[in-house]
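Thanks for asking me to look this one over.

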Amino acid sequence: MEESARDVQKHTTTEAPAYDLPEDVVIILPVRSVVLFPDVVLPLTVGRRRSILAAQEAVKQNRPIGVIQQRDPSLDLPGPEDLYAMGALANVLRYVTSPDSTHHIICQGLQRFRIREFVPGYPFLAARIETIPTKEVMTRDLEAHTDHLRRQALEAIELVPQAPPELAETVQTLASPGSLCDLVTSFMDLKAPEKQEVLETVDVEKRVDRVAGFLAQRLAVLRLSHEIEQQTKESVDKRQREFLLREQLKTIQRELGEDEPRAAEHEELERQVTEAAMPPEADEAARRELNRLQRMPETAAEYSMLQTYMDWMVSLPWNKLSEAEIDIALARRILDEDHYGLTKVKRRILEYLAVLKLNPQSRSPILCLVGPPGVGKTSLGHSIARATSRSFVRIALGGVHDESEIRGHRRTYIGALPGNVIQGMRKAGTRNPVF
C-alpha cells in the first residue's frame, strides 16, 4: 500500500509535464481545518485536482511544499485571498494512492513561512514566500513557563486515552520551548483557528503563554470528563457486582431447591406492580417493599406480612374508574321501577343527582337514609348505583367498636388488614363505587 516518493514519481507522474519553477517560488497546498507545525509529521488526504497536481509536482521535483490553511473550509477552489498569510514548509515523505483512487501524503513540517506574493501561470497555487526563523533566548522566566507547559502537557497526555505512549517521552525530552509549543498544539483538541493563532505567534515567550492558556482550558474539561468517566465506571462496576452476587444467590437457592417457586412468585409480583399503574409515590413504595421481600428469607417473621401487603397493593383498582353518567330522567324511571311510593325520598335523591350533574367537583353532603330494617335503604342505594352506572358496595357498621376497622390496622400487627373503605373498593374493582 505504501510507496516512496521516488516510486510515485516513477509510475504515477512520469507522463505529467514538469513545470519550470524558479528557486524562490514554492508550491502551495491549501488544506481544510488542518494546521501543520514545524518538526511535526502529519498525514493529509489530497482530493482536489489542483491539490493533487501540487503534491505530485512537489514529489517529482523533490521540493518542499507550503501547507497553508484556508479560511473557509467549505470552499472547493480557494484563491489567494481565501488563505491565511502564514503556513509551514514541509517535505513530502510519502505519497500513497489507495485502491479507491484517493491520494494521501505524509508531510514533515520544516519551518514557518509568510506569503509575499502569489505567482500565476500554474495549474496549482504557487507563491514567493518569506521564511520565519525561530529565535530562542532561554531566560529564567521562559524556562519556568516552559517547565509549567511541560507539566500541563504530561497531565493532558495521561488524561487522553488515545495519546500514543511515546508522546510523553518526546514531551519530556524536548528542550526547545518553540518546538514544545508546536508539538503540544498539534496533539491538543483545539479548533483550527486557535491552532492557526499559535502558528502565527512568532515570539516564543508569547507562544508559550498562549499554548499554556489553551491547554489550561482543555485540562479543566479533561479533568471533569475523567472524573465523570470514573464515577460512571464505579457505578457500572457496582451494578455488575450486584448482578454477579444476585446470580450467585440464585445459584445457591437453586441448589437448595428453594429458588424456582420464589423467583416465579417475585417476577409475577413485579409484573403486577407494573401493570397496576400506581401513582409515583405508591409505585416507589411498592417497589421498595418488593425489593425487601426478594432479599428476605421465607422464615423471617416479616415475610408473610410483606407478602400480604404486596398482594393488597397490586389488587387495588389504582387506575380503574367507572364512567358514571347522570341522567335525571333515567334515574327517575329506575327509582320508580324499583320502589313504590317514597315520593319525598326519591325527590331528595333526584335533587342530589341534579346538583352533582351541574357541579361534578362539588363536595356534596352525604345522603343519610334513616328507618327500621326492611324499608328499602339498601335497595335505594342499589338503585342510585344503577342509575349512575357505578358499582355498589355495602359496608355494615353494626357492632364496629374500633375505628381501625374503618381506617385499617398498622402493618406490624399480626393479621393486619386495610379498612372497610379500601376493602370495599377492592371488592368493587373501581375507585368510584357507590358506598
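1. A word on the model first. Please keep in mind as you read that this is a predicted model.

2. Cysteines. A search of the whole structure turns up zero disulfides. Cys-181 has a relative accessible area of 0%, so it is buried. Cys-368, at 63%, is exposed.

3. The cavity. The search of the whole structure finds one cavity of 30 Å³ or more, and the space in the largest cavity comes to about 30 Å³. Which elements each supply at least two residues of its lining? They are β3 (65–69), β4 (86–97) and α6 (192–199). Strand β3 gives the largest share, with three residues. Among the lining residues you will find Val-67, Ile-68, Met-86, Gly-87, Gln-196 and Leu-199. Sorted by class, the lining has seven nonpolar and three polar residues, and no charged ones.

4. A buried arginine. Arg-112 sits in strand β5, which covers residues 103–118. Is this arginine buried or exposed? Its relative accessibility is 3%, and the cut-off for buried is under 20%, so Arg-112 counts as buried. What does its side chain meet there? One partner is the side chain of Asp-182, with a polar contact at 2.8 Å.

5. Leaving aside neighbours within four places in sequence, Arg-112 is in contact with residues including Phe-37, Pro-38, Ala-88, Thr-131, Ile-132, Val-198 and Arg-207.

6. The largest pocket. Its volume is about 1,500 Å³. Of the 36 residues that line this pocket, Tyr-352, Ile-366, Leu-367, Val-434 and Phe-435 are the closest to its centre. Helices α12 (343–358) and α13 (377–387) each supply at least two lining residues. By class, the pocket lining divides into 21 nonpolar, nine polar and six charged residues.

7. A proline in a strand. Pro-43 has its place in strand β2, residues 41–46. With a relative accessible area of 60%, this proline is exposed. Beyond its neighbours within four places in sequence, Pro-43 is in contact with Ile-105 and Ile-106. Its C-alpha atom is separated by 9.7 Å from that of Leu-93, a residue 50 places away along the chain.

8. Two positive phi values. Which backbone angles might you want to check by eye? Asn-62 has phi near 55°, a positive value in a residue other than glycine. Asn-62 belongs to the loop between α2 (49–60) and β3, and it is exposed at 60% relative accessible area. For Leu-342, phi is near 50°, again positive in a residue other than glycine. Leu-342 lies in the loop between α11 (328–338) and α12. At 34% relative accessibility, Leu-342 counts as partly exposed.

Methods. Residues numbered from 1 in each chain as written. Predicted model: local features only at pLDDT ≥ 70, side-chain atom pairs only at ≥ 80, totals over all residues. Heavy atoms only, no water. Disulfide = S-S within 2.5 Å. Buried < 20%, exposed > 50% of the residue type's maximum accessible area, 1.4 Å probe, protein only. 1 Å grid on protein atoms, 1.4 Å probe; cavity = no way out; pocket = protein on both sides within 12 Å on 5 of 7 lines; lining within 4 Å. Points joined across faces, edges and corners; volume = space filled by probe spheres on them. Helix = DSSP H or I, 4+ residues; strand = E, 2+ residues; numbered from the N terminus. Nonpolar A, V, L, I, M, F, W, Y, C, P; charged D, E, K, R; others polar. Polar contact = N/O pair within 3.5 Å; in protein donor to acceptor, adjacent residues only side chain to side chain. Contact = heavy atoms within 4.5 Å.
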